Amino acid sequence: MNRIFEVRDLRKEYGGIVALDLPSLDIERGELVALVGRNGSGKSTLLRMLAFLEEPSSGTLSYLGGREPRQEITLLLQAPYLLKCSVFQNVTLGLRLRGDRDDLPARYEEAMRAAGFADPQTMAGRFSGQLSGGERQRIALASRIILKPKVLLLDEPTAHVDAASERMILATVQTCLDAGTTVICATHDRQLFQDFSTVREVELKRG
């Protein structure tokens, strides 16, 4: 099966206000999908639903024909929260919560290098309060990709970072795509993925 998500008549309401109204959407394995649209069109809402963090008010959302999505999908929020602990602890937290502690230093280094850090060991002992905004975003991204997800969901990942961090984040997205990961990104910037060989743009309308 190449189809990883299948959406039909998906609708989400909060207190009677329609946040998302999406008649149909199919996403294939390994795709890069850019969700675009004006503020309030439901991009972030759709990402949370694709992460199975929220249930629809109506309609259906299927992952791999009904397969259990936990531990296969991860979401990076626009302003990710880092714990007040070391970078190493933040990046490896998800693995440790799963009880997966095998070879953590090597897996930490691989994820950090994929997120654009040339010297992961120097970063390992630093704390979140010592980091720039771009570093925080990339460390949060490293904490997702260390889990080797089948689906990586990104909510405006470059909105509050400098140009250098943006380039590194985009390079990380390409690395994930090369590994077969499906990447779905909400963005206000229609040119964000202009240098990628393939990207499918999905425009959401206000409800």
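Okay, so to start: helices here are DSSP runs of H or I with at least four residues, strands are E runs of at least two, and both are numbered from the N terminus. On that count the protein has 6 helices and 8 strands. Along the sequence, the order goes β-β-β-α-β-β-α-α-α-α-β-α-β-β.

A quick word on what you're looking at. This is a predicted model, where local features need pLDDT of at least 70, side-chain atom pairs count only at pLDDT 80 or more, and totals for chains, interfaces and linings use all residues. Residues are numbered from 1 along each chain as its sequence is written, and side-chain values use heavy atoms, leaving out hydrogens and water.

Overall shape, then. The C-alpha atoms fill a box of roughly 50 × 35 × 35 Å along the principal axes. Of the 207 residues, 47% are buried, meaning under 20% relative accessible area with a 1.4 Å probe and protein chains only; over 50% is exposed, and in between is partly exposed.

Now the helices. How do α2 and α5 cross? Helix α2, residues 87-97, and helix α5, residues 133-145, have axes that come within 7 Å and cross at roughly 35°. Those axes are lines fitted to C-alpha atoms over the stretch in contact, with angles running from 0 to 180 degrees between N-to-C directions. On the α2 side the contact (heavy atoms within 4.5 Å) uses Val-87, Asn-90 and Val-91, and on the α5 side Ile-139, Ala-142 and Ser-143.

Let's move to two glutamates. Glu-31 sits in the loop between β2 (17-28) and β3 (32-36). Is Glu-31 buried or exposed? Buried, with a relative accessible area of 17%. Its side chain makes a polar contact of 2.8 Å with the side chain of Arg-200. By polar contact I mean a pair of N or O atoms within 3.5 Å; within protein, one must be able to donate a hydrogen and the other to accept it, and residues adjacent in sequence count only if both atoms are side-chain atoms. Beyond its neighbours within four places in sequence, Glu-31 also touches other residues, including Asp-26, Leu-177 and Val-183.

Then there's Glu-201, in strand β8, residues 200-203. Glu-201 is partly exposed, at 43% relative accessible area. Which side chain does Glu-201 join through a polar contact of 2.5 Å? That would be Arg-190, which is 11 residues away in sequence and 8.4 Å away in space, C-alpha to C-alpha. Setting aside neighbours within four places, Glu-201 is in contact with Ala-34, Val-36 and Arg-190.
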